[in-house]
Amino acid sequence: MSQTTTIEVPEGPRTVTLMNGSTFSFNSNISTTLEKIPVVDAGRIWSDNLEDRKAVAEEIREASRNIGFFYLVNHGIDESYSERTFEQAKRFFALPEEKKMEVFTGLVPNEYVGFHPMECYNRNGWKHQDLSEAFNWSYDPREDPEAAEDAEPTVSIWPSGVPGFREGLYAYHGQLLKLARRLTRIFALALHLPENAFDEYVKRPEAGMRILHYPEQKHSVEDQNGIGAHTDVECFTIVTQDMSGGLEVLGKNGNWIKAEPIPGSFVVNIADCFMRQTNDFFVSTVHRVINKSGKERYSAPFFFGFDRRRLLEAIPTCVSDENPMKYPIMTGGEYYAWRSNKQKSNNVHNTKMAR
Ligand SMILES: O=C(O)CCC(=O)C(=O)O
Ligand SMILES: [Fe+2]
């Protein structure tokens with residue numbers, strides 16, 4: 001999600017500066033499956049036995065500190081929810097551009113919600129704009145079966161005259177909320193904290209979601225991304241991808257690793273707030289999408305983080321006198337708004353509108 005700009009390096013590795021301020025390099029645009037993304041069996045996260053939950057938490061701990069990505073299989077969410085979401089995505093993206101622009105993201109300050117048109121960002125400053133379009137929506141307590149009484153919604157904008165669109169998307173969102181709250185408990189165990197350590201932080205979570213459409217790649221992979229290399233903003237992301245492939249993860253050695261689709265699985269990745277709060281113990285790994293499948297690709301990432309009213313403080317097991325907190329402390333709300341505005345300021349439609 002975050003925006004990036006390229007520092008031109010004529011030959012050798014390409015270097016990119018991320019929206020969170022850090023810089024990374026990669027060796028070439030070739031991606032392989034030589035390195036493997038770990039597969040975690042989610043069945044045990046629902047076990048009544050604490051030892052089972054601790055065992056799966058240790059697997060997630062290792063994945064989160066080493067590569068920052070893992071597949072989650074056997075998660076228990078019926079596939080009909082993702083199928084319905086992809087049907088709604090196909091329907092929405094097929095609408096005329098003027099209709100989609102009725103919910104243009106530029107209409108909502110400080111939030112990342114609404115429609116992000118095709119080729120409106122160029123996250124890595126490549127020759128051609130990123131070849132994807134997206135629609136984002138956010139947390140609404142009316143759609144959360146476990147909502148706290150005082151929970152306020154974050155604004156979302158919905159297109160008129162598209163019956164079933166909002167309902168279909170929130171049906172899946174509600175299922176993912178339940179899974180994400182459970183995973184938050186497992187992440188607490190993974191950080192060697194009591195299982196309920198983060199419960200208060202996700203009663204009113206930051207829980208935005210998006211549907212994305214990537215047409216078939218038009219230009220060379222040297223000149224265009226589907227979504228350019230970036231890191232996500234919140235604590236962790238749960239991605240549903242179709243069977244097209246194209247999601248790539250940057251390994252520590254600077255090579256791109258393919259996150260090949262595993263039917264019925266999620267791809268889970270650590271995002272920047274968790275990296276900050278764990279003082280870099282968990283890695284928020286750079287990733288991108290280039291759709292070389294020869295067909296349209298659809299995906300649905302769910303971004304989960306802590307209550308925006310709370311401070312993003314250091315996690316106690318990740319700081320010490322020898323290893324003090326590296327990041328300034330601010331509320332979730334301050335951090336999310338800063339990132340949304342930074343990303344959206346690079347939307348070419350905003351520039352056009354300002355002229
Ligand atoms: O489409 C995907 O598989 C991932 C998209 C993504 O990384 C994002 O929206 O942050
Ligand atoms: Fe992402």
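The structure is a predicted model, in which local features need pLDDT of at least 70 and side-chain atom pairs count only at pLDDT 80 or more, while totals for chains, interfaces and linings use all residues. Residues are numbered from 1 along each chain as its sequence is written, and side-chain values use heavy atoms, with hydrogens and water left out.

Of the 355 residues, 55% count as buried, that is, they have under 20% relative accessible area with a 1.4 Å probe, protein chains only. The secondary structure comprises 7 helices and 16 strands, which are DSSP runs of H or I over at least four residues and of E over at least two, respectively, numbered from the N terminus.

Five of the strands form an open sheet of mixed pairing, in the order β4-β13-β12-β15-β10, two strands being paired if DSSP finds at least two bridges between them. Strands β4 (31-32) and β10 (227-230) stand at the edges with a single partner strand each, so one side of each is left without a neighbour in the sheet. Strand β4 pairs with β13 (residues 256-258) in the parallel sense over 2 bridges, and T32 has I257 of β13 as its bridge partner.

Technical notes. Chains lettered and ligands numbered in written order. Buried < 20%, exposed > 50% of the residue type's maximum accessible area, 1.4 Å probe, protein only.
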